[in-house]
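Please keep the sequence and the structure open while reading.

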Amino acid sequence: MKATGFLSLLILSSVSLYGQTQLNTIQQAMKDELDRSMRELKREGLEAPMFISYSIRDGISYQGAATLGALIDSDFTPIREVTSCRVMVGSYEFNDESLESEYQGMNPEETSGQVELPMDDDYLGIRRTLWLMTDNVYRSASRQFQKKQEMVKELGKPLAEIPHRSFAKVPPSIVVVEGKNHEINKKELEEYLRKVSAIFLEYPEMENTAVRYRFSQGYRYLVNSEGSINKTPYSSGELVITMTLNSGNGDRLQEEVNASSSDTTLPNFTDVADKVKKKIDRLNKIKALPKFEDEYAGPVLFSGDFAPLLFLYNLGATVSDRNDVPRLKGYNRERSAPKIGRQFFSEGTTITAIPKTKSFGGVELLGSYEVDDEGTIPADATVLIENGLLKELVNDRTQVKENQPANGLMVNAGVFKVDVKNGVTKAQMKERLIEAARKEGLDYGIIIHQEWSNSPLIAIKVFVSDGHEEEFRQAVPGASEQLKMKRMLAASADSKAINLVAFMSDQMVSIIAPTAVLLEEVDIEAEDVVTEKHTEYVASPLKK
Amino acid sequence: MSVSLSYGQASNDKLLQTLEKEIAREVDGFSKHPQPPYFIDYRVDDIHSMNVSASLGSLTHSRESRNRLYHNSVRVGNYTADNTKPVRENEESFDFMMNGSSLPIDNSDPAIRVELWQSTQMLYRQALDKYKAIVSESNLTEKKKQSKLQSFSVEKPEKYFEEPIPENEQAFPRKVWEDRCREFSKLFLNDAEIFDGKVDLIYSQQRRYYVSSEGASVVQNFTNAYLFITASIRTSDGETVPLHESYYAPALSGLPSDEQIKRDIQSMMERLQKLKTAPLADPYTGPAILDGPVSGVFFHEIFGHRVEGHRLRSEYDGQTFKSKVGEKILPDNISVYCDPTVAKFADQYLNGIYRYDDEGVKSRRVDIVEKGTLKTFLMSRAPLEDITTSNGHGRASEGMSPVARQSNLFINSAKTKTNQELRNMLIKECKRQGKEYGYYFKSVVGGFTFTDRYTPNAFNIFPTEVYRIFVDGRPDELVRGVDLIGTPLAMFAEITAASDTRGVFTGFCGAESGYVPVSAVAPALFVRRIETQKKPKSKVESTLLPRPALNK
């Protein structure tokens, strides 16, 4: 899919430009209610708020699905919701979020007594929703702050000696980005879904085939009491074509054709039909493969999408700032943040966050953003891993340690680029695999290939004796602990970009990474598949 | 509802043709196997719906959607004993054959048939495995210990076809209702103390198909318009008190006029203001009058759910009335029946109406209690020992397996009293019991009950407007925070008199087979002794700042 320039106007600044920014009804309502709350909100005997921020998502989403040439559903859903209402009491150094309490988590409740946000651009209606939310969150925050002050007092130690969270100061940001309004032609989309799904009418052996398309677009708004005003567009579309092939032995092989874009452009029908056909051929090929039944421990070469995803998962686990502090009473679930300077990736690996980069090698990077969810503008490039060593964490505004500045980076959104020194060609990778297997006295080394994150894995045995390859299905790598990237023997010189929906989030994240990696020691075992005997009592209606 | 009794028109209905073609093909295909299913059915709900909500003058939701959901059942064995039996006697069988999934909304023959075929194959595999286990277990069980309950009743396969809703009636006036909902909900802004004032409109046009391997073929239309109004106020002690108003009509045009709705909202706001300062009631036991809608819900919960036949098959159910057929269970003057063929009572529409139930059985009036004597139960196709056929009350929400459910529940009293006479009786009884006051339950939002034998067999009704009637002639006093509780048999024994007018409660009933529309038509009842408990607290503190206003 082609990358599109959808930013028609961009104002980026790190200084307050309140007066110069033209606000729409939503922003004006957010700002006015925030100003009123900062000015007047105070509970007797308790402190007034020291910080308030509101975030609203305003947009529309379309979802449609079809199977075998027929539409299953096709609907628009308008979305306007308060995604965050944060009211903090105390100071930047110590506030209601600074400590874990025995009974409550970090953030106060913000749901009770809530009134839905109007879909209409109703200035007072929007303010009413924010007013009630702010009231609830403030009540909870002010009580929390009082309790936490008492907890500190009880300990009788100076604050500096108690592990606590502080709130980072960042310059106010005015980020106003006008996005393009992508036309969603429902009729055309429905026809496309019907047409693509009808491809499967020729393949009666395929089960549970479906073509789904989802597109959402709109704006994210943020206003905070420090003077930040953000309006950033979002738009993303995803076409997912799923298919299942019964292996005949009770297990089912699933494949997927997937295409994403920031606009409503859909892949042309001929290309999609070709891709679907290739996937079907591939499933049939996999179906015919023998099952992997060995127990293997040794060097493994990961290729296809598996390799970039390995980098991404390892990176997410490594660079998260976590922000846990020990509870002063009760059960502790503290996990400390990874240590800066420690080795997490193999020597020669450098990973840089480039959140504002829009495309790579003709692929749109859908994780790209201008400003984070707290209004912090990230740098164009931040090196997180340098030569295998952790150099910087992704930090939001909650800090546990000094020298942990908010850098506007997130693990569940953004763009990350992996560079490796001395990348090699695919052929050289295979040679390295054979060499490593030989060194360990093995008859063969293994390549694990996965086309796409939801595709079946193929295990390819590469024999040390003559380099010939044998393919197997139903093989899986062992525990994730083994897939850590510290002991990487080689990585391919070529890279690819992948977009995927971040874990536990509706945001996209993009990774640019080598297409193959060779790890020194990984267990590969037979997949434990629950099989269901599959007798076809009545033939498919598609079979003539 | 446009009705055609000519089944010949059915040949033009593409979806019906597809369903019939596929079921015939399945029957034919399975016939080549040694243990074919003896029964297959498909039920499809084609739903076009509109949902509009507004709060305090602003639209908060507006959506139109179209979808098709289907339910499929496959039975292996025979009518006497099939795969739905428990594997071991006295065990509970939990297979409701629930497999509601989406079906394409296009009338595409191959896409629809492939979906149905996949479902039938899957259900058959499960049914066959279970049936084999049942047969094998039953060979190990003594004959006398084996259940005498039939698995499935034998019914006449019905043919019925309604023409589709004409195209010119299919368009939804969404914009009109967006404006109306805004306008209605805006009225609540006139009272700064009302913090939530919502208006929700749900309108649907539904076409339900039912075909079975026995030859049943039923197609009927349902159109339903519901308007719900809810508003809440904070009382002086911080409690949140809501009031609800709801309207039902089979068509949007049948809903009350704008003027009527506005008057009702105005009245609701006035009552909310009264509730704001109304005293909180303490738990009470003593005489009470339940107004028509309240006694309707009361009967639905304490009685209706206990005469739903399928429950009485289970050893886990309380089976309150199972052995009481032919016995007096209510005062002589009280009769109770369910009638899904009645569309209206007085000027109010009833929503528990249907021509055929969700198992394709023709709907009919069922006289459950005649002059105080229990006559029968509400039956789906799950028979009881002595009631072996359905009486058209097998119901389910879209995609769920049907069980016996209520429809329009009517409570009649042969001997009636005027409302004033009921009031006099209440005061007299209060004096006899040494009570300062009795209760008058005027309106209700719903209730629930447990019928199994492992939890207390109790019910709970949620009134919204409750008054104290004082014996010394003081004016009636509105109170809040009261729930009506009790156990069914004890409560029945206390029903003393019924009024000469009846009220209607229209709503949805949730149970094993999902939510189904139900109505209850009942007289006001004078009950010698009821019990109340405090409502759970729902506290929202007063806001620190006033409601935002322009320039503030």
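## A strand pair in chain B

In this predicted model, B:I233 stands opposite B:V241, a residue of β7(B). The partner strands are β6 (residues 217–234) and β7 (residues 240–249) of chain B, which run antiparallel and are joined by ten bridges.

Five residues lie between the strands of this hairpin, and B:G238 takes a positive phi near 90 degrees there.

## Area of the contact

The size of an interface is often expressed as the accessible area lost when the parts come together. Here chain A and chain B bury about 4300 Å² between them, and 58% of that is on carbon and sulfur atoms. On the side of chain B, the residues that lose the most area to chain A are B:R125, B:L544 and B:L545, together 16% of what that side buries.

Chain A and chain B each bring 51 residues to the contact.

## Polar pairs and salt bridges

Between chain B and chain A there are four salt bridges. One of them joins the side chains of A:R194 and B:D106, at 2.5 Å from N to O. Across the interface, 18 residue pairs are in polar contact.

## What chain B supplies

Which elements of chain B each supply at least two residues to the side that touches chain A? They are α1 (14–30), β2 (58–76), β3 (101–103), α2 (109–138) and β5 (194–212). With ten residues, α2(B) gives the most.

By type, the residues on this side of chain B are 20 nonpolar, 15 polar and 16 charged.

Note on methods:
Residues are numbered from 1 along each chain as its sequence is written. Chains are lettered from A and ligands numbered from 1 in the order in which they are written. This is a predicted model: local features need pLDDT of at least 70, side-chain atom pairs count only at pLDDT 80 or more; totals for chains, interfaces and linings use all residues. Side-chain values use heavy atoms; hydrogens and water are left out. Contact means heavy atoms within 4.5 Å. Buried area is the accessible area (1.4 Å probe) that two parts lose on being put together, summed over both. A polar contact is a pair of N or O atoms within 3.5 Å; within protein, one must be able to donate a hydrogen and the other to accept it, and residues adjacent in sequence count only if both atoms are side-chain atoms. Helices (H or I, at least four residues) and strands (E, at least two) are DSSP runs, numbered from the N terminus. Ala, Val, Leu, Ile, Met, Phe, Trp, Tyr, Cys and Pro count as nonpolar, Asp, Glu, Lys and Arg as charged, and the others, Gly among them, as polar. Two strands pair if DSSP finds at least two bridges between them.
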